[in-house]
Amino acid sequence: MIRCAIVGCGHIARKHIEAIRNTEGAELVALCDTDMSRLNEFKLSVGVPVFTEMAEMLQMLPEIDLICICTPSGIHARLAEQAARAGKHLIIEKPVSLTAEDGETIRQAVRYSGVKAAVVHPNRYRPAIRYLKWALDGGLLGKISHVNATVRWNRSQAYYDQAPWRGTRAMDGGVLMNQAIHSLDLLLWMFGPAARVQALADTRLRRIETEDVAVAALRFESGVLGVVEAATTVYEHNLEESISVFGENGYVVIGGATANWIKHWKCSSMTPGEIDRVIQRVEQDPYGIPGHQRIIEDMVNAIKDDRDPAVTVDDGIRAVQLVHDIIASAEREEIHT
């Protein structure tokens, strides 16, 4: 049994609690947060010991195997390093860190301590996305010409005003680091590193330190061209999250308010019946097993089998670095104008 603790009891912690409860071989044994009132919200329903300091939790419960870090992003590195050096495996919420340097701190701590660490990029486990990856890995779309990733969402000013750290450079980041980073991770997972980035970004509508809208053009090392559009400024509600891939032998468009639905699938190497069966399987279960549960399950098996988890710290750092490359390009454009 892998004994799990959660550090940081905000909204996302509920997904980790549910995922641990639904994963065979995992058990929740502790919660930690600096805010006792927040801990009290969970205490009665969860029924595990609670702590306001991770150091105390580690001292009192040395049997903990795995720590899920769900705090504001700006303190991921400090907590991950502390937990790794205590010999605890890690699951770190996205983004793994706010800087590549902090990501490197985590990577070195994990390597030095010999523990395993995963980053929460659960969109990789969506059924439609899995089918797209299957098609790409099998070369079914042929040579890829270009891809498009779009996040047209709403995060109101009230959302950012919930806590003073939201939307700050030091603790949170903007639309690229928070919302679009999942789409960036998918692009890197499917098409490899980006060799060139040209971008624009701005803070148009929200009163925050970071960008609320960004657009970028990418050239991947493979030669594939990419376009990224990300915004939290869409009026009233989440409109669209999509990824579109265009190749010499077909194209796939996955969309909806969240990228869970196959909107278009054309492929010369598949019969209409084969394509229909893929679409029907997704429509029957567009969400699949929750991504957080898949991350927990994978970590339990990684520990048991002594292998790397499916989504590594290196993967997390690459997504963070791409965010910074986009922002740096946008800042250079501002200087030139």
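Trainee: What would the radius of gyration of a compact globule with 337 residues be, and what does the protein have?
Mentor: A compact globule with 337 residues would have a radius of gyration near 20 Å, and the protein has 20 Å, so the two agree. The radius is taken over C-alpha atoms, and the globule rule is 2.2 Å times the number of residues to the power 0.38. Along the principal axes, the C-alpha trace spans about 60 × 50 × 40 Å.

Trainee: What should I know about the model before going further?
Mentor: This is a predicted model, in which local features need pLDDT of at least 70 and side-chain atom pairs count only at pLDDT 80 or more, while totals for chains, interfaces and linings use all residues. Residues are numbered from 1 along each chain as its sequence is written, and side-chain values use heavy atoms, leaving out hydrogens and water.

Trainee: How many helices and strands does the protein have?
Mentor: The protein has twelve helices and 13 strands. Both are DSSP runs numbered from the N terminus: helices are H or I with at least four residues, and strands are E with at least two.

Trainee: Why is His 292 called buried?
Mentor: Set the value against the cut-offs: buried means under 20% relative accessible area, exposed over 50%, and partly exposed in between, with a 1.4 Å probe and protein chains only. His 292 has a relative accessible area of 10%, so His 292 is buried. This residue sits in helix α11 (residues 291–305). Leaving aside residues up to four places away in sequence, His 292 touches Ile 12, Lys 15, His 16, Ala 19, Glu 93, Val 120 and Pro 122.

Trainee: What makes two residues touch?
Mentor: A contact means heavy atoms within 4.5 Å. In this protein, residues 24 or more positions apart account for 68% of the contacts with a separation of 6 or more.

Trainee: Does Ser 183 count as buried or exposed?
Mentor: Its relative accessibility is 7%, therefore Ser 183 counts as buried. Ser 183 is in helix α9 (residues 181–191), and touches Ala 149, Val 151 and Glu 241, not counting residues up to four places away in sequence.

Trainee: Why is Glu 236 called exposed?
Mentor: Glu 236 is exposed because its relative accessible area is 59%. Glu 236 lies in the loop between β10 (225–231) and β11 (240–247), and has a positive phi of about 75 degrees although it is not a glycine. Asp 306 also has a positive phi in a residue other than glycine, near 55 degrees. Asp 306 is in the loop between α11 and α12, and at 61% relative accessibility Asp 306 counts as exposed.

Trainee: Why is Arg 38 called partly exposed?
Mentor: Arg 38 has a relative accessible area of 32%, so the name is partly exposed. Arg 38 is found in helix α2 (residues 36–46). Gly 87 is partly exposed too, because its value is 40%, and Gly 87 lies in the loop between α4 (76–85) and β5.

Trainee: What share of the residues is buried?
Mentor: Buried residues make up 54% of the 337 residues.

Trainee: What makes a set of residues a nonpolar core?
Mentor: A nonpolar core is a set of buried Ala, Val, Leu, Ile, Met, Phe, Trp, Tyr and Cys residues joined through side-chain atoms within 4.5 Å. The largest such core here has 111 residues, and those with the most contacts inside it are Leu 31, Met 57, Ile 67, Leu 90 and Trp 265. Helix α12 (residues 313–336) gives the largest share of this core, eight residues. In soluble globular proteins, nonpolar side chains tend to be buried together.

Trainee: Which residues of helix α6 are buried?
Mentor: In α6 (residues 127–137), Pro 127, Ala 128, Ile 129, Leu 132, Lys 133, Ala 135 and Leu 136 are buried. These buried residues pack against several elements, including β7 (144–152), α9 and α10 (272–284). After α6 comes Gly 139, whose phi is positive, near 70 degrees.

Trainee: Which peptide bond is cis, with omega near -15 degrees?
Mentor: That is the bond from Lys 94 to Pro 95. Pro 95 is in the loop between β5 (89–92) and α5 (100–113).
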